[in-house]
Amino acid sequence: MKIAFIIGTRPEIIKMAPIIDLAQKWQIEHVLIHTGQHYDHEMSQKFFLDLEIEKPHYNIGVGSNSHGKQTAQMIEEIEKVLTHEKPDIVLVQGDTNAVLAGAVAASKLNISVGHVEAGLRSFDRTMPEETNRKIADSCSTMYFVPTEESAINLALEAVDPHEIFVTGNTVVDACLRHLKIAEQKSKLLSDLDVDGDILTLTMHRAENVDDPERLKNILDALVELQDITVVFPVHPRTRKTLENFGYLNKLENTPHIKLTKPIGYLDFLLLLSRSKFVMTDSGGLQEEAITLNIPCITLRYNTERPETVSAGGNILVGSDKDRIIETIQRISGDEELYKKMQDAKNPYGNGNSSENILKEVLKHENEGKFNISSPDNIMKVLNRSLVMIHDDLTVNEFETINPFSRIQLVFQDETILFPHPELSLENKLVLLNKF
Ligand code: UD1
Ligand code: UDP
């Protein structure tokens, strides 16, 4: 079996690294394709060094461009590589343009697509990432979802539950493993020379940093939060707009705000783990914050990671200046609330996600599911119905007894459940697909 891994940006390198590492250990043949969407040393190569992953076999070098041009070029170049390498499965991760391009290119070549971190939805169509996620999911054949909530999103979109695997998020694998190394190696905190509490800030979402009014509101709030040191590693997109809108000088001259270049993974993890708060519009950081028990304030009006909010570890504040200040002051002044946020249960698993994913990929191979070919049987008309099950049967037992039936979703009182094979169906209502 041969896996093609596609990565393009900083978070994909971080979250794919544990799977690449394991594929190497398990001696699974693979090829690593970097689209080159992120190309600065501190946005790309630094992560290969910090996470100790092999150099990409291909770097498409797409660079920065409009979404259409960048994605089109990636599709064209990835298609060439996949045609030459003939992998059995392509793994893409997350919601960037690389994910969209990789999934589309592979799907059109009838190559299986495994989407790592599938099923996330912000239900905000204006986010480019929402388009990417939805298109990647419609091209995929294996869905590695971090939580039950993401699994239900997909099942509600009529994805076959047998193709959905709740694996946790590989960010937990990366984060837990590398924090230990960071504690030995990183000198960032002594270099930064910070006294007192730290608030780690990152932001790069177009809807915040490219919008002068939202950017101003957020920066005005930060300037007023003088009781805490704000450490702000600046994403290249953000640096550009801070310069263009004339904010860079002011921030550099605000004593409690420390601007840095984007920093490597080890330094960043150590910084995060020693922070009192993280304030961010990043996706990965919302997950890492709850993994490391750091209360998270999210500079967005919605999130595709709602589990972090319902667990109590994350608060959405949008880009409203007063709400940002009020939220930080409220949590700082309420020990009980701060502790509650710290203690929020991490919904993303215990660090075994990469192993869960690769085991499913190997199982798929053993079951001969990588051979995608045009069907040679006449389709049966699909019949969907709601059925109450009274017998003491699991999903697996029910489907074994009724081989032309597939349980799409399970309802218990007002709760929707994902049909895990071992879930008991007794006295539950099911949405049944009959072929
Ligand atoms: C991209 C992803 C976003 C992800 C983020 C992670 C898409 C649509 N966006 O956003 O989902 O959260 O990466 O960080 O795929 N630039 C540099 N050097 C680099 C990379 C970028 O200077 O190495 C600058 C360029 O001016 C570029 C801008 O940053 O135009 C934006 O880069 P781009 O890759 O288009 O989007 P990100 O904002 O990084
Ligand atoms: N990160 C890092 N250095 C930084 C900022 C972030 O190593 O200066 C890491 C962070 O720990 C997380 C990932 O980058 O794992 C998040 O990337 P980003 O915010 O760029 O993308 P998103 O997760 O929003 O797609």
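Predicted model: local features only at pLDDT ≥ 70, side-chain atom pairs only at ≥ 80, totals over all residues.
Residues are numbered from 1 along each chain as its sequence is written, and chains are lettered from A and ligands numbered from 1 in the order in which they are written.

Helices (H or I, at least four residues) and strands (E, at least two) are DSSP runs, numbered from the N terminus, and two strands pair if DSSP finds at least two bridges between them. Within this sheet, 5 bridges link β4 (residues 89-93) and β5 (residues 112-116) in the parallel sense; Leu91 has Gly114 of β5 as its bridge partner.

Strands β11 (residues 277-280) and β12 (residues 296-298) run parallel and are joined by 3 bridges, with Val278 opposite Cys296 in β12.

Helix α14 (residues 283-291) is mostly covered, with 9 of its 9 residues buried (20 or more other C-beta atoms within 10 Å of the residue's own, C-beta atoms being placed from the backbone). Among these buried residues are Leu285, Glu287, Glu288 and Ile290. Just after α14 comes Asn293, which takes a positive phi of about 60 degrees.

Turning to the ligand, 19 residues surround ligand 1, and Asp40, Ser64, Thr96, Pro236 and Arg237 are the closest; a residue counts as near if its C-beta atom, placed from the backbone, lies within 6 Å of the molecule. The shell contains 5 nonpolar, 8 polar and 6 charged residues (Ala, Val, Leu, Ile, Met, Phe, Trp, Tyr, Cys and Pro count as nonpolar, Asp, Glu, Lys and Arg as charged, and the others, Gly among them, as polar). Helices α1 (10-25), α5 (128-139) and α11 (236-244) each supply at least two of the shell residues, and α11 gives the largest share, 3 residues. Domain 1 (2-168 + 352-366) and domain 2 (187-342) each contribute at least three residues to the shell, with bounds that come from an automatic or database domain assignment.

Notes
Buried ≥ 20, exposed ≤ 12 C-beta atoms within 10 Å, placed from the backbone.
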